[in-house]
Amino acid sequence: MENQRFLPESGYFKANLHCHTTLSDGAFTPEEIKAAYKAQGYSIVAFTDHRKYVHHTELNDESFLALAALEVDLTQEPTPGRDWPVRKCYHLNLFDKDPGVRGEEKRSNPLPTCSYDDLEGINNYIAQMNDLGFLVCYNHPYWSLQDWRDYSGLQGLFAMEIYNHGCEHDGLYGFNPQVYDEMLRSGQRLFALATDDNHDRMPLGDPLNDSFGGFVQIAAESLTYGAVIEALEAGRFYWSQGPELRGLTLEDGVLRVKTSPVEKIFVTVEGRDSYKTVVSPGETLTQAEFPLTGDEGWFRIQVRDARGLFAGTNAYFLERK
């Protein structure tokens, strides 16, 4: 196993990569979103309004970056006795890697035209969006009423949502680490995002407001569009509901993790035998070391703090001995 620095100790930009505004079904204007998120320490928001591609360049300044994006959907056809609440759907976020390239095609709102049950058609659509210059993320599987039969065959995904804050408010089903592991164990190699999917139908500060609950910390070289996209494509970020990761390295076969104060640090691997370090209630830890055998296949870090909030990494793949 080669020595690697997976995550730095500092130098992150906080981002919400799933957001809705008055341009679709959100309650806040893009300008109001910028003000609210900057006040909470965010530097980046991807504006993923439903079926509407917009690049909000007017919002950009030295401390805030708006990513051009949209959310598209594909829903099962209605059948007798199966109305909207029980119909499965795919929701995908499309993040534009370079708004200066093929802009007219992207602004034409490239939506899927195949049927829900046409997996080949869905994968062809994802491939077309990749070719057009988008990173494609698979959203909120539980809310979409889907299981491994629906998502394990998807191809060409950049990432999937491991936590969706809006869905957590909808029914306590926003956190889906098992689904990410199922994707990995089916042979997928993709990243994991925590997002808000905020619509802000309740006022800021209300217990059911869906802003500021799921985010990613991106280790980009600078707060510029190209640097942020480069970091996302390289997987130099982690997802969180609150806790911070403050460095992840693998040196001489030993995985070292640094965090903000937490109660649990787990290393989930391809098999069922996780590594872990935990403390008693009321105690905290901020680092841990785990010798790796090289037979883990892949691993990812997941931590939990005293508030019951989680954070974690993308999966990292090892060459088996």
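## Helix α7

In this predicted model, helix α7 covers residues 225-234, helices being DSSP runs of H or I with at least four residues and strands runs of E with at least two, numbered from the N terminus. Y225, A227, V228, I229, A231 and L232 are buried there (under 20% relative accessible area with a 1.4 Å probe, protein chains only).

## The largest pocket

The largest pocket holds about 390 Å³. A pocket here is an open set of points on a 1 Å grid over the protein atoms alone, with protein on both sides within 12 Å along at least five of seven lines, and lining residues have an atom within 4 Å of a point. Of its 20 lining residues, D170, D197, H199, R201 and D210 sit closest to the centre. Helix α5 (residues 165-171) is the top contributor, with four residues.

## The cavity

There's one cavity of 30 Å³ or more, a cavity being a set of grid points where a 1.4 Å probe fits but cannot get out. The volume of the largest cavity is about 40 Å³, counted as the space filled by probe spheres set on points joined across faces, edges and corners. D73, L74, Y90, L92, P112, I122 and Y125 form the lining, and β4 (65-75), β5 (89-96) and α3 (119-132) each supply at least two residues of it.

## Ground rules

Residues are numbered from 1 along each chain as its sequence is written, and side-chain values use heavy atoms, leaving out hydrogens and water. Local features need pLDDT of at least 70 and side-chain atom pairs 80 or more, while totals for chains, interfaces and linings use all residues.

Technical notes: Buried means under 20% relative accessible area, exposed over 50%, partly exposed in between (1.4 Å probe, protein chains only).
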